[in-house]
Amino acid sequence: MSSVGLGILTKEIPPEFVDEVVELSGCREKRHRLLPARAVVYFVLGLCLFSSADSAAPPGYRSVMRWLTNGLRHLHGLTLPTSSALTRARQRLGSKPLELLFDLRRGPLASASTKEAFAFGLRLVAWDGTGLDAADTPENAAEFGVTQGGNPQVRLLALIECGTHALIDAAFDGVTKASEHKLARRLLHALDAGMLLLADRNFAGYELWGMVAATGSDMLWRIKKNLVFPPVEILPDGSYLSIMPTPAENLRHGAARARGHSLGRTPHGHLVRIIEYTITIKTSDGRTRTEPFRLVTTLLNHEQAPAAEIAAVYHERWEIENGYGEFKTRLRGAAFILRSKLPELVCQELFALLTVYQALCSLKCEAALTIGIDPDRISFTVTVRVARDHAVSASAEPAQARRDAVRDIVDDLLPRRRDRQCERVKKPAKNTFPTKKRDTAQPATKASYKITILRKALSPAQMP
């Protein structure tokens with residue numbers, strides 16, 4: 001099983017990297033096994049690569065191992081391990097090797113020539129949070145917490161490169177243990193000068209703003225409409241300079257405004273620039289809708305970064321939503337949950353998902369670079385399917401297989417993006433069954449059945 005790999009994705013996750021993380025985490029086997037640690041790492045990565053291969057549910061352990069060893073198993077007379085053996089192998093491995101492997105693979109992928117990856121000379125990056133449901137077990141519920149009436153859930157916050165969807169870094173924890181703000185603090189080390197960080201309204205605040213500014217990264221964040229930013233200087237493009245006050249100053253000035261007074265001085269805090277604008281959307285059926293926006297940024301020079309260009313650049317923040325769509329729907333599977341039933345294996349599975357997603361983004365970027373187009377034109381769905389096709393077919397020449405895969409990917413380009421809108425509404429429920437409640441005892445699932453044939457008795461009139 002030591003020859004197990006990931007097909008064309010083995011270039012992004014080579015055996016040397018896998019051996020290195022296994023050694024660093026102390027998971028090297030002490031005796032010869034059918035499932036050495038290297039093979040188990042690739043098996044866990046394979047679970048994630050093939051997670052959405054079946055629309056009903058993630059494929060089973062033996063199905064994934066059968067795909068990964070196709071063409072090799074019969075040549076070498078290898079026996080396919082049982083599901084229980086693969087489970088025990090995952091437990092022996094733990095999550096540390098996958099965490100180290102993701103740390104080796106994460107990072108931006110765009111070069112200076114990558115389209116739509118930079119603005120104002122800065123690399124466009126964005127962060128946001130999302131939730132991932134885990135298997136409903138007592139261990140997962142105790143470790144991660146549960147949503148109201150739902151499954152145990154992991155909160156993930158990713159920092160992505162907008163132009164390529166590459167994962168610069170990611171952090172996760174239980175939904176009841178860490179907010180998006182707490183997780184954001186764990187990603188500060190991944191920010192540096194030369195980046196422009198985009199974020200939605202949930203993140204703006206004096207403390208976190210100061211922490212990000214200390215990294216050297218610039219910021220462009222949306223802010224809530226009820227926040228007060230009195231102008232300090234009006235700029236020619238309609239934007240203005242203001243102060244993001246300290247929490248104490250915010251209270252003092254807020255109390256003064258409530259009494260109808262002014263403190264007569266500029267509050268202490270961060271010097272920022274505010275851009276206010278509206279977007280009017282007109283649909284093909286003639287309806288119009290106008291939405292106001294307020295942005296706060298560290299880009300203070302209106303000549304180097306005009307307000308209209310800043311407003312257009314903020315639209316790139318939605319690339320992280322597209323990235324989560326790829327990660328959660330196309331790779332993991334629509335409405336699928338993390339299959340692992342123990343917290344340690346949940347972490348292992350999530351690090352593996354992040355690593356495979358990064359490898360797929362790298363393959364997308366390589367395909368886009370070969371013909372000089374925006375990576376947005378490369379279909380993530382096609383990329384996943386091509387990677388799966390090559391993972392199940394052994395090739396004598398990996399370089400040729402890689403070239404063939406890139407050719408297949410660029411032969412199925414997406415059309416240029418259209419201007420369109422999509423309402424953020426939920427679809428109606430497909431059934432009216434009652435919702436499962438966690439605080440209600442569930443009936444036992446194991447049961448025995450007995451069939452009793454009912455005998456029909458004759459009426460008195462029918463009796464002889």
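Predicted model: local features only at pLDDT ≥ 70, side-chain atom pairs only at ≥ 80, totals over all residues.
Close-up 1. Rings of Phe, Tyr and Trp (its six-membered ring) are paired if their centres lie within 6.5 Å, with planes under 30 degrees apart called stacked, over 60 edge-to-face and the rest tilted. The ring centres of F102 and F351 are 6.4 Å apart and the planes stand at 40°, so this pair is tilted. Because F102 belongs to helix α5 (residues 96–105) and F351 to helix α12, the pair ties together parts that are 249 residues apart in sequence; helices here are DSSP runs (H or I, at least four residues) and strands likewise (E, at least two), numbered from the N terminus. Both F102 and F351 are buried, where buried means under 20% relative accessible area, exposed over 50% and partly exposed in between (1.4 Å probe, protein chains only).

**Close-up 2. An aromatic cluster and two charges over rings.** One aromatic cluster is formed by W127, F203, W209 and W221. R222 lies over the face of F293, at 3.9 Å from the ring centre, while the charged end of R317 sits over the ring of W318, 5.1 Å from its centre. A charge is taken to sit over a ring if NZ of Lys or CZ of Arg is within 6 Å of the ring centre and within 35 degrees of the ring normal. Residues are numbered from 1 along each chain as its sequence is written, and side-chain values use heavy atoms, with hydrogens and water left out.

**Close-up 3. The largest cavity.** The structure holds two cavities of 30 Å³ or more, a cavity being a set of points, on a 1 Å grid over the protein atoms alone, where a 1.4 Å probe fits but cannot get out, and its lining residues having an atom within 4 Å of a point. About 80 Å³ of space lies in the largest cavity, a volume being the space filled by probe spheres set on points joined across faces, edges and corners. Among the residues lining the largest cavity are L156, H165, I320, Y324, F327 and Y357. Strand β3 (153–161) and helices α11 (319–331) and α12 (343–371) each supply at least two lining residues, and α11 gives the most, with four. The lining divides into nine nonpolar, two polar and no charged residues, with Ala, Val, Leu, Ile, Met, Phe, Trp, Tyr, Cys and Pro counted as nonpolar, Asp, Glu, Lys and Arg as charged, and the others, Gly among them, as polar.

**Close-up 4. The second largest cavity.** The second largest cavity holds about 30 Å³ of space and is lined by S51, P58, R332, I337, R339 and E349. By class, this lining has two nonpolar, one polar and three charged residues.

**Close-up 5. Cysteines without a disulfide.** The structure holds zero disulfides, a disulfide being a pair of cysteine sulfur atoms within 2.5 Å. C48 is in no disulfide, and the nearest cysteine sulfur, that of C347, is 13 Å away; C48 is buried, with a relative accessible area of 3%. The sulfur of C365 is 6.7 Å from the closest cysteine sulfur, in C361, which is too far for a bond, and C365 is buried, with a relative accessible area of 14%.

Definitions and conventions
1 Å grid on protein atoms, 1.4 Å probe; cavity = no way out; pocket = protein on both sides within 12 Å on 5 of 7 lines; lining within 4 Å.
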